[in-house]
Amino acid sequence: MNIEYYWFSWFAFILLAFFIPSQIPKKQAIMAFVLLSMINYSIIAESSEYLMWSLGFHITFGVYFWAEPKPVFNHLWLIIVVFLSTLLQLFIIVNPVWIIFPGAWIILVAVIFLIQLCVPSLASQIGLWILMNAGGAIAAYFVAQSLAIEFMMNYSFAHTTIIQGVFLLFVFYLMERVKHAMKISKRKVLLKKRMMAPMNK
């Protein structure tokens with residue numbers, strides 16, 4: 001059992017349930033995804049049948065979260081990140097030692113930061129992150145099959161990476177809300193000072 005996965009899952013759920021406002025689109029679906037992901041993880045079995053079922057689960061939610069009105073140009077991000085994820089996962093298949101690369105967390109945070117910069121909606125950000133990982137895994141699976149390369153996904157690593165990304169997206173979202181609230185507070189203070197200035201003369 002991967003304790004790290006459940007820590008990130010529960011922290012993500014707590015942030016979503018108590019700190020992220022209910023007005024954001026698809027909040028209930030995001031909560032369902034986090035909870036179902038924990039159930040999904042708990043029944044992991046090392047088999048190719050489970051691999052495709054698990055990836056199908058993630059793809060379904062990923063498409064649902066991503067399917068929001070947005071400029072056509074934004075869909076290029078999806079194609080680009082899935083392609084890059086496919087290359088990365090093929091590289092890891094050939095060189096699995098890179099899974100324990102010490103700088104992996106820095107890379108993860110940088111990727112999540114770029115996603116939240118380029119995609120405005122939280123639901124779409126989550127959808128992009130899920131599709132990037134699950135879509136990349138499916139593409140890598142079929143490429144590996146066509147090249148007769150043995151494909152064995154590290155389930156624990158894959159699921160943990162997805163939930164870590166979702167957790168970081170929540171953290172970045174809350175940081176943006178705090179910055180926005182501080183800006184509004186500063187504007188109110190400045191406006192109050194301007195209104196009080198004529199009275200003090």
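**Exercise 1. The whole chain**

What percentage of the 201 residues in the protein chain is buried?

*Solution.* Start with the source. This is a predicted model: local features need pLDDT of at least 70, side-chain atom pairs count only at pLDDT 80 or more, and totals for chains, interfaces and linings use all residues. Residues are numbered from 1 along each chain as its sequence is written, and side-chain values use heavy atoms, with hydrogens and water left out.

Buried means under 20% relative accessible area, exposed means over 50%, and partly exposed lies in between (1.4 Å probe, protein chains only). By that rule, buried residues make up 43% of the 201 residues.

Now list the elements. The protein chain has seven helices and zero strands. Helices (H or I, at least four residues) and strands (E, at least two) are DSSP runs, numbered from the N terminus. Along the sequence the pattern reads α-α-α-α-α-α-α.

**Exercise 2. Length and sides of α4**

State which residues of α4 are buried, and check the helix's length.

*Solution.* Take the length first. The expected span is 1.5 Å times one less than the number of residues. Helix α4 (residues 75-94) has 20 residues, so it should span 28 Å; its end C-alpha atoms are 29 Å apart, which agrees.

Then find the buried residues. In α4 they are Leu78, Val81, Val82, Ser85, Thr86, Gln89 and Ile92. They lie on the same side of α4, because they cover an arc of only 145° around the axis. The arc is that of the directions from the helix axis to the C-beta atoms.

Finish with the other face. Turned away from the buried side, it carries the exposed residues Ile79, Phe83 and Val94.

**Exercise 3. Threonine 86**

*Solution.* A polar atom of its side chain lies 2.8 Å from the backbone oxygen of valine 82. Contact means heavy atoms within 4.5 Å. Not counting residues up to four places away in sequence, threonine 86 touches Gly135, Gly136, Ala139 and Ala140.

**Exercise 4. Helix α6**

How many of the 25 residues of α6 are buried?

*Solution.* The count is 19, and α6 is mostly covered. Helix α6 (residues 122-146) should span 36 Å at 1.5 Å a residue, and its end C-alpha atoms are 36 Å apart, which agrees. At its start, a side-chain oxygen of serine 121 reaches to within 3.4 Å of the backbone nitrogen of alanine 123. Just after α6, alanine 148 takes a positive phi of about 60°.

**Exercise 5. The core**

*Solution.* Define the core. A nonpolar core is a set of buried Ala, Val, Leu, Ile, Met, Phe, Trp, Tyr and Cys residues joined through side-chain atoms within 4.5 Å. The largest has 44 residues; Ile30, Phe33 and Trp129 are among those with the most contacts inside it. The elements that give two or more residues to this core are α1 (3-18), α2 (27-42), α3 (48-66), α4, α5 (104-118), α6 and α7. The largest share, nine residues, comes from α7.

Look at one member. Leaving aside neighbours within four places in sequence, isoleucine 30 is in contact with Leu16, Ile24, Pro25, Phe65, Ala123, Ile126 and Phe170.

Conventions: A polar contact is a pair of N or O atoms within 3.5 Å; within protein, one must be able to donate a hydrogen and the other to accept it, and residues adjacent in sequence count only if both atoms are side-chain atoms.
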